[in-house]
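Student: I have a model open and want to go through it residue by residue. Can we start with the terms and then look at the contacts?

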Amino acid sequence: MLLRIVSVTAIVLSTITIPAAAASAEVVDAMSRDFGITTAQALTRIRQEKVALKIAPAAQEAAAGAYGGSWFDGGKLVVAVTDPAKADAVRAKGAEPVLRTRTYASLTAVKEGIDRLSKAGAVSKDVVGWRVDAQRGAVVVDALPGADVSGLPKDVVVNTAGVQRPQPFAAGTVGGDPFYTGNVRCSIGFSVHGGYVTAGHCNVGAWNVYGWDRSWQGEFVGSSFPTNDYGWVRTGGGWWNVPVVLGWGQVSDALVRGSWEAPPGTSVCRSGSTTHWHCGVIQGRNETVNYQQGPVYEMVGTSVCAQPGDSGGSFITGDQAQGVTSGGYGNCSSGGRTWFQPVNEILRVYGLRLLTA
């Protein structure tokens, strides 16, 4: 294996420095660029989101059976409750309660009903996704104009504005990129003990994986696509793993310290081998994306752009791993939407442990 200090799996630990600040100056600059905000505003948002991520589990627990979902808005964590008596308990955890009429569990049941319809082949391919939208207190269905939605539950909200057909972000082989399998180039997600996680659609049946220098890097131990879009690679051949997300020279390489799940409205940045580092916001969790190859469940939708070859790459909020890039629509010139598969789900399914700094 040729040595080059650039791959997630080939970074010498002695080159890593732990930043004292909440985020590096380059990350703050990237957020300022992609959000159109000042440096001071970006720093404030980073601090507020760090608080929101930490209090989210306790706030949800305080809402108990009245929990209606949560999101980040106005610099704070907002938690919907269906019982006004739970508002004070949520507020005591540091979140802002708002009243809604439907619980998150009831909305999720509607969403899972559509999932069952899709598994039975009863959802049109022109219906490209569906999700629980806690802010609206409804299940939102994204559909291409003219799509047949007659078989869907009557109480869903159908959205056609700006909807395009999503597709996985794998790419044909080109030189100088992180890893290859078969004739596909994809991006490394997050290091785990013994390897790394990435997108399942990157495994095209070849199983062997090769690094940026085309030396053997390891092999897919497991993968799933569609239904899910995740997989993991056990590394070998002299490659090793470190808890780092590449900044590609645009930002400092980011250390990974955990995997707290960020609520909708929180900023998130993505690293990939084609378009490198871009930021946006989490728009929804537990979304279903209806690719041509079939539906993928439990995805997270974002406003971050991506392009072919970015598949499998890292989504991270601050120093908290969020997930691996799956697919979407648009590009990094005109913008678009991108979905990721949550990293905690991948860790749970395969019994893996995230490698952290």
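Tutor: A polar contact here is a pair of N or O atoms within 3.5 Å; within protein, one must be able to donate a hydrogen and the other to accept it, and residues adjacent in sequence count only if both atoms are side-chain atoms. This is a predicted model, in which local features need pLDDT of at least 70, side-chain atom pairs count only at pLDDT 80 or more, and totals for chains, interfaces and linings use all residues. Residues are numbered from 1 along each chain as its sequence is written, and side-chain values use heavy atoms, with hydrogens and water left out.

Student: Which backbone oxygen does the side chain of N290 reach?

Tutor: That of V127, at 2.9 Å. N290 belongs to strand β19, residues 276-291. Helices (H or I, at least four residues) and strands (E, at least two) are DSSP runs, numbered from the N terminus.

Student: Is N290 buried or exposed?

Tutor: N290 has 3% relative accessibility, so it counts as buried. Buried means under 20% relative accessible area, exposed over 50%, and partly exposed in between (1.4 Å probe, protein chains only).

Student: What else is N290 in contact with?

Tutor: Beyond its neighbours within four places in sequence, the partners of N290 include V123, S124, K125, V128, G129, W130 and P295. Contact means heavy atoms within 4.5 Å. The C-alpha atom of N290 is also 9.9 Å from that of D115, which is 175 residues away along the chain.

Student: New topic. Where does UniProt place the "active site" feature?

Tutor: The UniProt record, an unreviewed entry, puts it at H201, D229 and S311. These positions span 111 residues in sequence, yet no two of their C-alpha atoms are more than 9.9 Å apart, so they gather at one spot. UniProt positions are given in the numbering used here, feature names are shortened, and annotations may be inferred rather than shown by experiment.

Student: Where are H201 and S311 found?

Tutor: H201 is in the loop between β12 (195-198) and β13 (208-211), while S311 is in the loop between β20 (294-302) and β21 (314-317). H201 counts as buried because its relative accessibility is 9%. S311 counts as buried because its value is 0%.

Student: What about R270? Which side chain does it make a polar contact with?

Tutor: The side chain of D310, at 3.5 Å. The R270 side chain also reaches the backbone oxygen of C305 at 2.8 Å. R270 sits in strand β18, residues 267-272, and counts as buried because its relative accessibility is 0%. Not counting residues up to four places away in sequence, R270 touches, among others, T275, H276, W277, H278, V304 and A306.

Student: Which phi does W248 have?

Tutor: A positive one of about 60°, although W248 is not a glycine. W248 is in the loop between β16 (244-245) and β17 (254-255). E298 has a positive phi of about 60° too, and it is not a glycine either; its place is in strand β20.

Student: How is the protein divided into domains?

Tutor: Into domain 1 (34-99), domain 2 (104-159) and domain 3 (167-356); the bounds come from an automatic or database domain assignment.

Student: Last one: what pLDDT does the protein average?

Tutor: It averages 90, and 92% of the residues score at least 70. pLDDT is the predictor's confidence in each residue, from 0 to 100. Over residues 1-21 pLDDT stays under 50.
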